Amino acid sequence: MNMRSHCFNIVALFIAFFTLACVAGGAHAQYPGFGDPGARQVGGGADGLIPVDANVDGGTIPMGATAQVVVRFRNDGSQPVQTGLIRLYPSSTVSAETALNQCQGEALPAGAECAIAMSVKGLQSGPWRVEMLMTHSGRTRLVAATLSGVVEVGGDGSDKVASDIEALPEEIDFGSLKASQTLVEPVILRNITSTAIDITKIYIDTSEQAGYTLKTECATLQAGQACMAIVSWSPKLKGRSSGVIVIEHTGPTGLTSVPLKGEYDPDDVDEAEIFPRAVPGKGLLVSSQTELDFGEDVETASTITVSLVNAGDADLMLSDIKIPGSDNGVSFKNDGCAAGTVLEPIEACPLTITWSPTRVGSIIDDVQVTHNGARGVLVLPVRGMAVSTVSQDQKAIVLSGAGAGTGSGVTSSSGGRSSSDGGDDGIASNQKNARSENEKRVLQSSSTGLTNPASSLDGYKITSFSSNRAIINGPGGSRIVFDDEEIVIGGVPWFVLIQRNGIEFLHQGQRVLLLFDKSLSSINRVSASSSSGSSGSSGSSSSSSNNDGG
């Protein structure tokens, strides 16, 4: 073959190849064998489902906070893809869970995208990383994505591990306690994750002498839900105390703790004041005087009246009034403050204390008033100095109160007397009738408004006594009283009846008897001596006559 024939064959071959290439290019749509070999695989492209960004920057997350990070996926094949199970592999500095999955459900069409949102919580300061694996129906059957970032250190520089249960406050400091009382502080427990968490156990780990107690009803916390725990501190020992609240739960960290601390430094105990401090919702009993001082040189019966006032904001009831000393002559009257008396706020009642000295010298006693108010008892000291005694046998006796009419007491008192003036029976009968009428008139007279007329006779005693007159001595000096006559004592008009054993005073329905101590009478001693001498003389005469007769 010559050179010319050889060149012609080469040109013909080139034209045939060019023609075939054009025909193949025009028939590409009808003959898939001329296309991309990967287009003939089930599931579309080379991978099917791929991440839009294989390395997602999650940014900076504050420690203890939760951030939402979104990962996008695209179906890069020509066939729909169905997604499956998602698995997360976080580093130790964070916890991660799926918050929203838009890729599940219906199959993802070719070329479409879907998003998956994940909640990432910072547990410890430092870099963090989360590897995500998801299965699908594409050719590779598995797709991966990486999330990364940094956990930011808190403001206090602490790098402690944060929990899924947030405690507010993070620490309870009761401070320094001076008084003996119980302090109470609340702790808020909040679920800061996007799923429910069960609190399986909550308790305080401390010593028995620390005095911490816990009360709570926390159980299951939904996302963002909170509950409250109450911590009480009643210290038993002086000094510092500490403890920790332990919360065990089903979250990723499984544990939350709250430190407790406090210091008990009680003040020195002082002596109790007479009047306590007011307490809300309680009555407070106070007195117009802090001490009942009768003074010095007391010779007769003396009386002091004080006001007992309810200075609280609630009703107060007096339970009992007592005087411990029983033989020193101190007594009180029940016509003012008495057991069972109820005092409303700012209401008062009078308490009258009388001292009739039974011995010479000083008195040290107290009045005890028990009630249902603050502290429960009011103690009033009783002090004084006596230079003379008051006979308790000559003390006035109240026979009947106001409103009493003539009764057996008047009749017996009058009927027991005999006429000392002599005369016939008619004259004596007329005198008795007139006296009885006077008694009725005095007893039945109307009241003048005096609450306790008998108190005007306190301290009086009989120093001289006869059948129709007597001398009494008391705070107002010596007075002569006559039988069946009226006398004014202490501003009170009294009708006088002299009895065989004393003097009876009548005023507007009230009868008071003042007894006479017969051992003080010189006539009684002379009579006793005369009776003794007469008996001796009679005995001698009888003996003499017996001797004579013998």
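A disulfide is taken here as a pair of cysteine sulfur atoms within 2.5 Å. The structure is a predicted model, in which local features need pLDDT of at least 70, side-chain atom pairs count only at pLDDT 80 or more, and totals for chains, interfaces and linings use all residues. Residues are numbered from 1 along each chain as its sequence is written, and side-chain values use heavy atoms, with hydrogens and water left out.

By the sulfur-distance criterion, the protein contains three disulfides. Counted along the chain, the bonded cysteines follow the pattern 1-2, 3-4, 5-6. The sulfur atoms of C337 and C349 lie 1.9 Å apart. The torsion about the S-S bond of C337 and C349 is about 110 degrees, so this disulfide is right-handed. The link joins distant parts of the chain, twelve residues apart, with C337 in the loop between β22 (330–332) and β23 (342–343) and C349 in strand β24. Strands (E, at least two residues) and helices (H or I, at least four) are DSSP runs numbered from the N terminus. Both C337 and C349 are buried, where buried denotes under 20% relative accessible area, exposed over 50%, and partly exposed the range in between (1.4 Å probe, protein chains only).

In the disulfide of C103 and C114, the sulfur atoms are separated by 1.8 Å. This link is right-handed, with 95 degrees about the S-S bond. Because C103 lies in the loop between β5 (94–101) and β6 (113–122) and C114 in strand β6, the pair ties together parts that are eleven residues apart in sequence. C103 is buried at a relative accessible area of 3%, and C114 is buried at 6%. The remaining disulfide joins C218 and C227, with sulfur atoms 2.0 Å apart. Its S-S torsion is about 110 degrees, so the C218 and C227 link is right-handed. Relative accessibility is 11% for C218, which counts as buried, and 14% for C227, which is also buried.

Overall, the protein has four helices and 34 strands. Of its 550 residues, 34% are buried. Among contacts (heavy atoms within 4.5 Å) with a separation of 6 or more, 67% are between residues 24 or more positions apart. The accessible surface amounts to about 30,700 Å², and carbon and sulfur atoms account for 51% of this area; accessible areas come from the Shrake-Rupley method with a 1.4 Å probe, and for residues only the protein chains shown count as cover.

The largest nonpolar core comprises 25 residues, and those with the most contacts inside it are L285, L308, L351, V367 and V369. At least two residues of this core come from each of β20 (302–310), β21 (316–322), β24 (348–355), β25 (361–371) and β26 (377–386). A nonpolar core is defined as a set of buried Ala, Val, Leu, Ile, Met, Phe, Trp, Tyr and Cys residues joined through side-chain atoms within 4.5 Å. When residues up to four places away in sequence are not counted, the contacts of L308 include L285, L351 and V369, together with both C337 and C349.

Six aromatic pairs were identified. Rings of Phe, Tyr and Trp (its six-membered ring) pair if their centres lie within 6.5 Å, with planes under 30 degrees apart counted as stacked, over 60 as edge-to-face and the rest as tilted. Y212 and W233 form a stacked pair, at 6.0 Å centre to centre and 15 degrees between the planes. Y212 lies in strand β13 (residues 212–216) and W233 in strand β15 (residues 226–233), so the pair ties together parts that are 21 residues apart in sequence. Both Y212 and W233 are buried. The ring centres of F294 and W355 are 5.6 Å apart with planes at 55 degrees, so this pair is tilted. Since F294 lies in the loop between β19 (292–293) and β20, and W355 in strand β24, the pair ties together parts that are 61 residues apart in sequence. Both F294 and W355 are buried. Ring pairs also link F174, Y212 and W233 into a cluster.

N75, in strand β3 (residues 66–75), is buried at 1% relative accessibility. The side chain of N75 reaches the backbone oxygen of L108 at 2.9 Å. By contrast, K201, in strand β12 (residues 197–205), is partly exposed at 46% relative accessibility. K201 and I247 are 46 residues apart in sequence, yet their C-alpha atoms are 6.0 Å apart in space. Leaving aside neighbours within four places in sequence, K201 contacts V246, I247 and E248.

Methods: Polar contact = N/O pair within 3.5 Å; in protein donor to acceptor, adjacent residues only side chain to side chain.
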